[in-house]
Amino acid sequence: MPNGTKASQETISLDPTLSAREHLAKNVVTWSIKGMLIVAGVVVLSGYTTFFLSHFFDTPTVTETAPRSSRLSSSALHENTLSIFHALLPVLGTWVGTVLAFYFSRENFVTAAATARKLVGQFSETKLHQTSVRPNMIPFPRIMGVNIPEGKDDTFLTVKALRDMIKPPGARIPLVTRLPVFTHDRRVKYVLHQGTIYEYIAEKTIEKTDPAGGKAMATLKDLLEYNDLGEQARRFSFLPQNATMADAKAAFEDADNCRDVFVTQTGSPNEAVLGWITDVDMVRHSQV
């Protein structure tokens, strides 16, 4: 988990938009302060102007003969300027306060978030080490798979039958997204994912030409021999029944592209399957 925290901090510090944000923040603060100083200066200047005009030019003759609008123009200017100052001061102050609060709290937020991720990760790992695979696996009776009868081989199953097991004719959505294939004594041979079957159908269709020139249904054997589909169908691992979910997580991480883990009595592939853990199950159990 410390590696994940370090990566997160590096991501934040290398944010390409960070310099642009800092530049914008400096401009907002600088021009807000300048704006407040300018408006304050105008208010002071208008006050002095009002005082100067009222004391040196507001003679009785002028007061009596000049229109009221002229006599009040200097004080009105001061009042209007003061109103503008009162209106702009909260806005500019809010801008400055928001920017300062963001940049002073950003580092604290990053530290707090990293600490929280570390604690959550530690709790998750502890939980996985304390959790057995037995109550969290899919028990064999509930596994929707297919068995190859004793004495039969991979030609027993057709690609069309496998496709129909995943998505029956007329169904709007697939029943499952992967299909384990077992022997008659419950040993797992393959796991056929939906994408694997559809890839073969897209490339080769569900029929093939036999040596006599006739048409025949493509079989599981044909699918396994096409490109690397056979290798894909054998990408799974095994665990003993006394393993923990932490062991299951390690099994997924240690094997390349492993998406399925099967539980047997001692973890041997030659034993009957007791249960099944998928990568989707593992992600769910890894979350706090």
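Q: A crossing of two helices is left-handed when the near helix is turned anticlockwise from the far one by less than a right angle, and right-handed when clockwise; which hand has the crossing of H10 and H11?
A: The crossing of H10 and H11 is left-handed. This is a predicted model, in which local features need pLDDT of at least 70 and side-chain atom pairs count only at pLDDT 80 or more, while totals for chains, interfaces and linings use all residues. Residues are numbered from 1 along each chain as its sequence is written, and side-chain values use heavy atoms, without hydrogens and water.

Q: What makes H10 and H11 oblique to each other?
A: The axes of helix H10 (residues 245-254) and helix H11 (residues 279-286) come within 11 Å and cross at roughly 130°. Helices (H or I, at least four residues) and strands (E, at least two) are DSSP runs, numbered from the N terminus. Axes are lines fitted to C-alpha atoms, for helices over the stretch in contact, with angles from 0 to 180 degrees between N-to-C directions. Under 35 degrees is roughly parallel, over 145 roughly antiparallel, 65 to 115 roughly perpendicular, and the rest oblique. H10 and H11 are therefore oblique.

Q: Which residues of H10 and H11 meet?
A: Met245, Ala248, Lys249 and Phe252 of H10 meet Asp279, Met282 and His285 of H11, where contact means heavy atoms within 4.5 Å.

Q: Why is Met245 called buried?
A: Buried means under 20% relative accessible area, exposed over 50%, and partly exposed in between (1.4 Å probe, protein chains only). Met245 has 0% relative accessibility and therefore counts as buried. Leaving aside neighbours within four places in sequence, Met245 contacts Leu128, Thr131, Ser132, Val133, Asn136, Ile277, Met282 and His285. Met245 and His285 are 40 residues apart in sequence, with 7.9 Å between their C-alpha atoms.

Q: How do you know that H6 and H7 are oblique to each other?
A: The axes of helix H6 (residues 159-166) and helix H7 (residues 194-204) come within 10 Å and cross at roughly 140°. H6 and H7 are therefore oblique, and their crossing is left-handed. The contact involves Val159, Leu162, Arg163 and Ile166 of H6 with Gln194, Ile197, Tyr198, Tyr200 and Ile201 of H7.

Q: Is Asp222 buried or exposed?
A: Asp222, in helix H8 (residues 220-224), has a relative accessible area of 17% and is therefore buried. Not counting residues up to four places away in sequence, Asp222 touches Tyr200, Lys208 and Met217.

Q: Why is the pair of Phe236 and Phe262 called edge-to-face?
A: Rings of Phe, Tyr and Trp (its six-membered ring) pair if their centres lie within 6.5 Å; planes under 30 degrees apart are stacked, over 60 edge-to-face, and the rest tilted. A search of the whole structure finds seven aromatic pairs. Among them, Phe236 and Phe262 lie 5.5 Å apart, centre to centre, with 85° between the planes, and are edge-to-face. Phe236 lies in the loop between helix H9 (229-233) and strand E7 (237-240) and Phe262 in strand E8 (residues 260-264), so the pair ties together parts 26 residues apart in sequence. Phe236, at 15% relative accessibility, counts as buried, and Phe262, at 0%, counts as buried.

Q: What makes the pair of Phe238 and Phe262 tilted?
A: The centres of Phe238 and Phe262 are 6.4 Å apart and the planes make 40°, which gives a tilted pair. This pair links Phe238 in strand E7 with Phe262 in strand E8, 24 residues apart.

Q: Which residues do ring pairs link into a cluster?
A: The cluster holds Phe140, Phe182, Phe236, Phe238, Phe262 and Trp276.

Q: Which residue lies over the face of Phe140?
A: Arg186 does, at 4.3 Å from the ring centre. A charge sits over a ring if NZ of Lys or CZ of Arg is within 6 Å of the ring centre and within 35 degrees of the ring normal.

Technical notes
A crossing is left-handed if the near helix is turned anticlockwise from the far one by less than a right angle, and right-handed if clockwise.
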